Amino acid sequence: MTIAALLLFIRTLGLTLPLWIVAGWSAAEAALFFIVADVPISWIAVRSGTRAAILASLVAALASVVGTVAVLFWASRDPAGAAVTMAAIPGIDPALISEAASRYSQGFDAVLTGSFSGIPFKLFALEAAKQGGILFVFLAPLLRLPRFLAIALCVGGISHFLERWMNVRKRLGLLLILWIVFYTWYFSVMPG
């Protein structure tokens, strides 16, 4: 799907600013940004419900193609420079890049499970560029969508359950605290 087609699709559906944010966030995270698109997807789940978060998941998965193409293009022209830059991103080091390369060589299933293991997706795109895996661009949405949907369904379900005791503002506050705790832990155990 081209960017123009995605934009037309978003406009046709009358999507709101949060979905545009999800699209941009996902594209940036697939390339260089280090906070996953699960954050705005979960915000949408709390703010607007599970159905809206599912739509946000689809938008994020499709938009990740933009970041994937950027990494593939960049790494195919300057693999060493791309690897050095990736290793400088918080939570990434050369060992994690090697682990992503190993999983990539094991095939689709290993990359799919890798997306749930804390290995940034951009590292799989980096390896795809090294191995000439242009078809990886077309697999990006399929590889990213399951985790995005899991976040949308899980957070949406929990938020719906908590509606009895907490208004939306309190649930968003709780979500913010949980993301801060998660990323504090994540960056303390991940390299870089």
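**Salt bridges, a helix face and a core**

Trainee: R144 forms a salt bridge with E29, and their closest N and O atoms are 2.4 Å apart. What makes this pair a salt bridge?

Mentor: The term needs a side-chain nitrogen of Lys or Arg within 4 Å of a carboxyl oxygen of Asp or Glu. R144 and E29 come to 2.4 Å, so by that rule the pair counts. R144 lies in helix 9 and E29 in helix 2, so the bridge ties together parts 115 residues apart in sequence. Helices here are DSSP runs of H or I with at least four residues (strands: E, at least two), numbered from the N terminus.

Trainee: What should I know about the model and its numbering?

Mentor: It is predicted: local features need pLDDT of at least 70 and side-chain atom pairs count only at pLDDT 80 or more, while totals for chains, interfaces and linings use all residues. Residues are numbered from 1 along each chain as its sequence is written, and side-chain values use heavy atoms, with hydrogens and water left out.

Trainee: Why is R144 called buried?

Mentor: Buried means under 20% relative accessible area, exposed over 50%, and partly exposed in between (1.4 Å probe, protein chains only). R144 has 2%, so it is buried. E29, at 3%, is buried as well.

Trainee: How many salt bridges does the structure hold?

Mentor: It holds 5. One of them joins D38 to R147, with the closest N and O atoms 2.9 Å apart. D38 belongs to helix 3 and R147 to helix 9, so this pair links parts 109 residues apart in sequence. Both D38 and R147 are buried.

Trainee: Which side chain meets R171 in a salt bridge?

Mentor: That of E163, at 4.0 Å from N to O. R171 has a relative accessible area of 9% and is buried, whereas E163, at 44%, is partly exposed. Separately, salt bridges that share partners join E29, K122 and R144 into one network.

Trainee: What makes helix 3 mostly covered?

Mentor: Of its 11 residues, 8 are buried, among them D38, P40 and I41. Just after helix 3, G49 takes a positive phi of about 100°.

Trainee: Which residues touch the most other members of the largest nonpolar core?

Mentor: A nonpolar core is a set of buried Ala, Val, Leu, Ile, Met, Phe, Trp, Tyr and Cys residues joined through side-chain atoms within 4.5 Å. In this core of 50 residues, they are I41, M86, L123, F124, L126 and Y183. Elements giving two or more residues include helix 4 (50-77) and helix 8 (121-130). Helix 4 gives the largest share, 8 residues.

Trainee: What does L123 touch?

Mentor: Leaving out residues up to four places away in sequence, L123 touches M86, I92, L96, I97 and A100. Contact means heavy atoms within 4.5 Å.
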